[in-house]
Amino acid sequence: KRRRQARKPDGAAMSDARGHGQRLPPTAGSVLSNFMLVSLFFSLNHGCVTSCLALASSQLGPALGGYSAGVLYLCYTLTALLFAPGIVTRLGAKGSLNWGLVLYCAYVGSYALAVIVPALRWPAVIVGAALGGLAAGWLWTAQGGYFAAAAELYAHVLQIEPELTTSFLSGVFATLYLGLELGLKLISSYVLARSSGDASLKLFAIYTAVAVFSALGIFCVSPIPPHPLIS
């Protein structure tokens with residue numbers, strides 16, 4: 001592995017940084033753990049969304065399922081084309097991820113609400129789909145920005161080429177994303193097969209709880225810090 005030339009801060013430099021109230025350089029472990037937590041919460045939340053989307057027609061009916069998917073993809077396309085760069089620039093990559101997952105919770109929760117209050121199923125699910133589509137429009141832009149910043153910082157801390165950390169972190173993200181999406185979809189098969197008449201409510205309650213947990217969790221993860229203090 002090729003290493004770039006840079007001098008790591010010694011104890012005196014770190015003490016001086018503390019004395020002046022400056023941010024200390026992150027460690028490789030902290031960068032990796034933050035990235036893994038963000039990837040975990042993102043994957044859990046997104047997995048709940050894709051699982052609900054796959055169940056829309058079978059659990060809500062073909063008409064509502066079709067219209068909700070159409071609204072979601074329409075809002076997704078318009079937001080991605082027209083507003084995503086501005087939103088991510090304004091909120092930052094981490095902030096955009098935070099609030100995107102919050103809006104995803106509205107989409108997932110609308111399915112549970114539709115089962116609990118059948119009279120509200122159409123407005124609840126259509127509004128939830130619109131909010132979910134808005135979030136989806138900027139989430140992947142934000143995820144790409146966060147990923148690029150994390151890979152660059154991880155390479156800087158380890159003093160190796162960014163291509164190496166990009167490859168490694170890509171594998172970490174893909175494993176979490178695909179593995180959790182598969183696991184969440186398997187949960188639907190289990191719950192619908194094992195439960196009786198309230199299977200839909202149980203399933204969407206589980207997805208809503210997971211989505212809310214992951215949205216709250218990502219707020220607790222530190223954002224990518226500015227360029228580390230390395231002299």
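**Figure 1. Val-71 in helix 3 of the predicted model.** Val-71 belongs to helix 3, which covers residues 62-82. The structure shown here and in the following views is a predicted model. When neighbours within four places in sequence are left aside, the contacts of Val-71 are with Ile-126, Ala-129 and Ala-130. A further distance relates Val-71 to Gly-132: their C-alpha atoms are 9.3 Å apart, although 61 residues separate the two along the chain.

**Figure 2. Ser-110 in helix 4.** Helix 4 comprises residues 84-116 and includes Ser-110. Is Ser-110 buried or exposed? Its relative accessible area is 4%, so Ser-110 counts as buried. A polar atom of the Ser-110 side chain lies 2.6 Å from the backbone oxygen of Tyr-107. Apart from neighbours within four places in sequence, Ser-110 is in contact with Ala-124, Val-125 and Gly-128.

**Figure 3. The aromatic pair of Trp-140 and Phe-173.** The model contains 13 aromatic pairs. In the pair formed by Trp-140 and Phe-173, the ring centres are 6.3 Å apart and the planes stand at 90°, so the arrangement is edge-to-face. This pair links distant parts of the chain, with Trp-140 in helix 5 and Phe-173 in helix 6 (residues 162-194), 33 residues apart. The two partners fall into separate accessibility classes: Trp-140 is partly exposed at 32% relative accessibility, whereas Phe-173 is buried at 12%. Ring pairs also join Trp-140 and Phe-173 with Phe-42 and Tyr-177 in a cluster.

**Figure 4. The lining of the largest cavity.** The count of cavities of 30 Å³ or more comes to 1. For the largest cavity, the volume is about 40 Å³. Which residues line the largest cavity? The lining consists of Phe-35, Val-38, Ser-39, Phe-42, Leu-97, Gln-143, Tyr-146 and Phe-173. Two elements, helix 2 (28-60) and helix 5 (121-158), each give two or more residues to this lining. Helix 2 gives the most, with 4 residues. By class, the lining has 6 nonpolar residues and 2 polar residues, and no charged residue takes part.

**Figure 5. The whole chain as context for the close-up views.** The secondary structure of the chain comes to 7 helices and 0 strands. Read from the N terminus, the order of elements is α-α-α-α-α-α-α. The chain has 231 residues, of which 42% count as buried; Ser-110 and Phe-173 are among the buried residues. Among contacts in the chain with a separation of 6 or more, 82% are between residues 24 or more positions apart.

Note on methods: Residues numbered from 1 in each chain as written. Predicted model: local features only at pLDDT ≥ 70, side-chain atom pairs only at ≥ 80, totals over all residues. Heavy atoms only, no water. 1 Å grid on protein atoms, 1.4 Å probe; cavity = no way out; pocket = protein on both sides within 12 Å on 5 of 7 lines; lining within 4 Å. Points joined across faces, edges and corners; volume = space filled by probe spheres on them. Nonpolar A, V, L, I, M, F, W, Y, C, P; charged D, E, K, R; others polar. Phe/Tyr/Trp six-rings, centres within 6.5 Å; stacked < 30°, edge-to-face > 60°. Buried < 20%, exposed > 50% of the residue type's maximum accessible area, 1.4 Å probe, protein only. Polar contact = N/O pair within 3.5 Å; in protein donor to acceptor, adjacent residues only side chain to side chain. Contact = heavy atoms within 4.5 Å.
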